[in-house]
Amino acid sequence: MTAAGVPSSRYLSSIPASPAISSAVQRVLGYIDDLPAGATGALNFGLHGMILLQSRKICWAVARTMRLRLSDLLRNQSTPPVSREAVEEVYRRCKSSGTPIGEALVASGLATEAGLRAALFKHNGDAIVALARAGAAPDDWVTHTKPGYDPKYSFSACEVLAMVGALDDPARAAAAQVELASMLVADSVGAAFTRGTDASGALVIAVDRGCDFAVADLVGTCNWVAGLFDVAQTFDQEVFAARVHFGTQAGLVTWRSTDVGYVGMCGSRAAAARLVSRLSERGVRASGVMPRGSHERESPA
Amino acid sequence: MSAPLLRCAVASMRHGLLLPEHAESDAAPELEELAATLPEVFGTADPGCLERVAARLGAEQGGGNFSQVLFLSDSRVHVIQALERRAGEALVAVSPSGRSVGLVLSQVQARAAELEEER
């Protein structure tokens, strides 16, 4: 995986990019967001499949209609692929010991941690898309009492939403991921989004790993900050960034580069001020062209 | 550093119009244009959504209402400052960019405090 939320080219998806699929996935992820904070257990979708959650993060998902298995994804990470026999040997040992297969493959050297995370991300994302396309709805929630998954192999609903949004233009999504990584400051998390020509609103294409909001809130926030830029055009067409203070401490910072919008959600006003300073120093503009003048560093307000 | 030139006025959030009693006699057109966006800026935000976002960020609880919006462009800094003690009113301000944004914000907050004291 090149960065959280963006599959490497080895994992190019067979899922077609479509606002309808993104909307359907948002519906399925909404079921997860509706669970109480810290929910750990299995969300069952009848005969369609299930999603395993730990602290409301996605650890494992499976859908009846899926074609690729996790073991296939892991085998194909290396060239030549790891032999099926080697993977099956680890699988047999895991079955008798109860060890998770992925983690056993890492321990045996047949997969790397990054490779396992990428393969799990792809597998779980594909399963959730399959559930969404089938129109599946949960019919049962079974609470699990003890955690069994390593948190580093779990994913937020926002990460899965971004994975689906990225399918429209993987190169653009990868660039957006790099932009987020380079601009976000401590105590902030962020997302990148585009807006299509239809009325479906913001399409989230990248998030950083800390981005763990309800997907409806993330999309709602992206839509709202996109609207801020629209109204800003009426009084100043050169506006390249905006900052909003809300509540007593939190702040949003939004900026655009070429045709991608970004939002940094900050847990403190100092973090929002640092992000604005960083943007000002770089001189991001809506056009993506460097500005004529430079901007002085803002002191935290 | 000399104080940046700051032009400001009070406007109605609901109607997007400058309030004549607080507008400078030669209110800059950019202030009128900024004021005109207030119904859209304040009317389209979902306070519940912002409050949930703030809660997940671990920010101190304080509701989802926002108090200040800052727009940065190559040539100007635009500020909308909601006036806490004057319901439905906001201070709108414009200053040339290229100077300290922090200083502009300090001036806006000082002016907002004066206006709220007048009430």
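**View 1. The largest nonpolar core of the predicted model comprises 135 residues.** Such a core is a set of buried Ala, Val, Leu, Ile, Met, Phe, Trp, Tyr and Cys residues joined through C-beta atoms within 7 Å; buried denotes 20 or more other C-beta atoms within 10 Å of a residue's own, with C-beta atoms placed from the backbone. The residues with the most contacts inside the core are A:Ile128, A:Leu161, A:Ala191, A:Val204, A:Ile205, A:Ala206 and B:Val92. Helix H5(A) supplies the largest share, 11 residues. Helices (H or I, at least four residues) and strands (E, at least two) are DSSP runs numbered from the N terminus. Residues are numbered from 1 along each chain as its sequence is written, and chains are lettered from A and ligands numbered from 1 in the order in which they are written. Because this is a predicted model, local features need pLDDT of at least 70 and side-chain atom pairs count only at pLDDT 80 or more, while totals for chains, interfaces and linings use all residues.

**View 2. Four strands of chain A form an open antiparallel sheet in the order E3-E2-E1-E4.** Strands pair if DSSP finds at least two bridges between them. Strands E3 (57-63) and E4 (140-143) of chain A stand at the edges with a single partner strand each, so one side of each is left without a neighbour in the sheet. The twist averages 15° from one strand to the next. Strand E2 (residues 49-54) of chain A is joined to E3(A) by 6 bridges, and A:Gly49 stands opposite A:Ala63 in E3(A).

**View 3. An open antiparallel sheet of 9 strands contains strands of chains A and B.** Its order is E6(A)-E5(A)-E9(A)-E8(A)-E7(A)-E2(B)-E3(B)-E4(B)-E1(B). At the edges stand E6 (202-207) of chain A and E1 (7-12) of chain B, each with a single partner strand, so one side of each is left without a neighbour in the sheet. E7(A) pairs with strand E8 (residues 250-257) of chain A over 6 bridges, where A:Ala242 stands opposite A:Thr254.

**View 4. The contact between the chains takes 39 residues from chain A and 43 residues from chain B.** Residues are in contact if their C-beta atoms, placed from the backbone, lie within 7 Å. Helix H8 (215-232) and strand E7 (239-246) of chain A each give two or more residues to the side of chain A that touches chain B. E7(A) runs antiparallel to strand E2 (residues 66-73) of chain B, joined by 7 bridges; A:Phe246 stands opposite B:Phe66 in E2(B).

Conventions:
Contact = placed C-beta atoms within 7 Å. Axes fitted to C-alpha atoms, helices over the stretch in contact; angles between N-to-C directions. Buried ≥ 20, exposed ≤ 12 C-beta atoms within 10 Å, placed from the backbone.
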